[in-house]
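Me: I would like to learn how to read a protein model step by step. Could you take me through it slowly?

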Amino acid sequence: MVDTDSSSDLFQRARAVTPGGVNSPVRAFRAVGGTPRFIRSAQGAWLTDVDGNDYVDLICSWGPMLLGHAHPEVQAAVADAVGRGTSYGAPTEPEVELAEEMVARTPIDSVRFVSSGTEATMSAIRLARGFTGRDVVVKFAGCYHGHVDALLAEAGSGVATLAIPGTPGVPESATGLTLVLPYHDRAAVTAAFAEHGDRIACLVTEAAPGNMGVVPPEPGFNEFLARTCAEHGALFVSDEVMTGFRASKHGQWGLDGALEGWRPDLMTFGKVMGGGFPAAAFGGRADVMAHLAPEGPVYQAGTLSGNPIATTAGLVTLRLADDAVYDHLTKAGDVVKQAATEALSEAGVPHVVQSTGTMFSVFFRGAPVRDFRDASDQDTAAYAAFFHAMLDAGVYLPPSAYEGWFLSSAHDDRAIQTVVDALPGAARAAAE
Ligand code: PLP
């Protein structure tokens, strides 16, 4: 039996001073039960909790840690930056360099830094509204764009896990201008634009949904969305907070947009580009971005935006994220996916594995997932049993059936073998 006394003690103390004992709901393990592990340190592919238990990390901070934990070059650059002070409220060189790196790797012309993915999508929507002079925003059920009021209607991620229909605290006036459509439903998109086209400021979508589990967009779907928006004078906002610099070197856009020859009007980023620090961004077409203050009239600002430590960590991470990193993620992912498929099949557990580029997840249902309705139809009890068996065997999976499994370039043979060895027992636990 794994010793979790110290985590239990900390959880009890945390609950006395923090709602639910955590600072982001899914960390509380509510969807799977049990005691959340309090992490003391992390190195490479491994997490160590406060009781001294080691786990292969398949969350990677929900995406950011593309190079694994405590990467020596990222650590050194951050330590060096910290030595020169941590925040100035004035522009710095790392901001320029990170912006140049992102502009080079994506179809955006310019970029503005913020501190979280939530802020990035919130600001992108404000800019889209300011640019078009329109109010309505279109989103898809099951796509999560952070806890932005207007977008907390039928969102995925923690909201899906907790099955909150929207959330109290968001006034109807905030979501009243949001149209929520089923993902992959071209007819619904066409109908929405036919009816409301001249009021739609933007359509925002996860470039590939990852917050209801990974749902790869069908070929041509994002291009169809970009074209439909263009036909109606609305902006196409592609949220690459999760997929950016992770699904491929050029994000999800590198897997479809670059091939199909379209580009979003605006994109949002976070996670990997912050190298494990609170950094995110939105960027896009030069003429749209020119509407932002101080160049244009749309106000947007932030005390810690473009923070020198965060942008240094992001810059070094992106510079190190070369083809070899993505090849490694592909190969390691293939081994894990294959082993999960074999173990679950052997145990007779209905499941389906879905991927986009180097991102993947395992759904506990027998048929493919195309939209949020499919994703919601999973055996979450089987997942909870599976999750705990993996945890007991030293593998830290997302504590929710609605999330991707994340790897890093630090997931070496030993880490991957630990996952492979844990899978058959966990699959049997899921079958019980
Ligand atoms: N957009 C997407 C696609 C995300 O996956 C997330 C977070 O998971 C966000 C936006 C919000 O980012 P943050 O948690 O940094 O606010």
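Me: How many residues does the largest nonpolar core have, and which of them have the most contacts inside it?

Reply: In soluble globular proteins, nonpolar side chains tend to be buried together. A nonpolar core is a set of buried Ala, Val, Leu, Ile, Met, Phe, Trp, Tyr and Cys residues joined through C-beta atoms within 7 Å, where buried means that 20 or more other C-beta atoms lie within 10 Å of the residue's own, with exposed for 12 or fewer, partly exposed in between, and C-beta atoms placed from the backbone. Here the largest nonpolar core has 139 residues, and those with the most contacts inside it are A128, C202, L203, L235, A281, F386 and V395. Helix α14 (residues 380-392) gives the most to this core, with 9 residues; helices (H or I, at least four residues) and strands (E, at least two) are DSSP runs, numbered from the N terminus. Because domain 1 (5-66 + 322-431) and domain 2 (72-320) both give residues to this core, it lies between them, the domain bounds coming from an automatic or database domain assignment.

This is a predicted model, in which local features need pLDDT of at least 70 and side-chain atom pairs count only at pLDDT 80 or more, while totals for chains, interfaces and linings use all residues. Residues are numbered from 1 along each chain as its sequence is written.

Me: Which residues does V395 touch?

Reply: Two residues are in contact if their C-beta atoms, placed from the backbone, lie within 7 Å. Leaving out residues up to four places away in sequence, V395 touches Y55, V56, L58, M390, T418, V419 and A422.

Me: How do I read the strands, and in which sense do β2 and β3 pair?

Reply: Two strands pair if DSSP finds at least two bridges between them. Strand β2 (residues 46-49) and strand β3 (residues 54-57) pair in the antiparallel sense over 3 bridges, and W46 stands opposite V56 in β3. Their hairpin has 4 residues between the strands, and there G52 takes a positive phi near 90°. On β3 there are also 2 bridges to strand β13 (residues 395-396), and these two strands run parallel, with D57 opposite Y396 in β13.

Me: How far apart do the C-alpha centres of domain 1 and domain 2 lie, and how many residues does the contact take from each?

Reply: The C-alpha centres of the two domains lie 25 Å apart. The contact takes 31 residues from domain 1 and 36 residues from domain 2. On the side of domain 1 that touches domain 2, β12 gives the most, with 4 residues.
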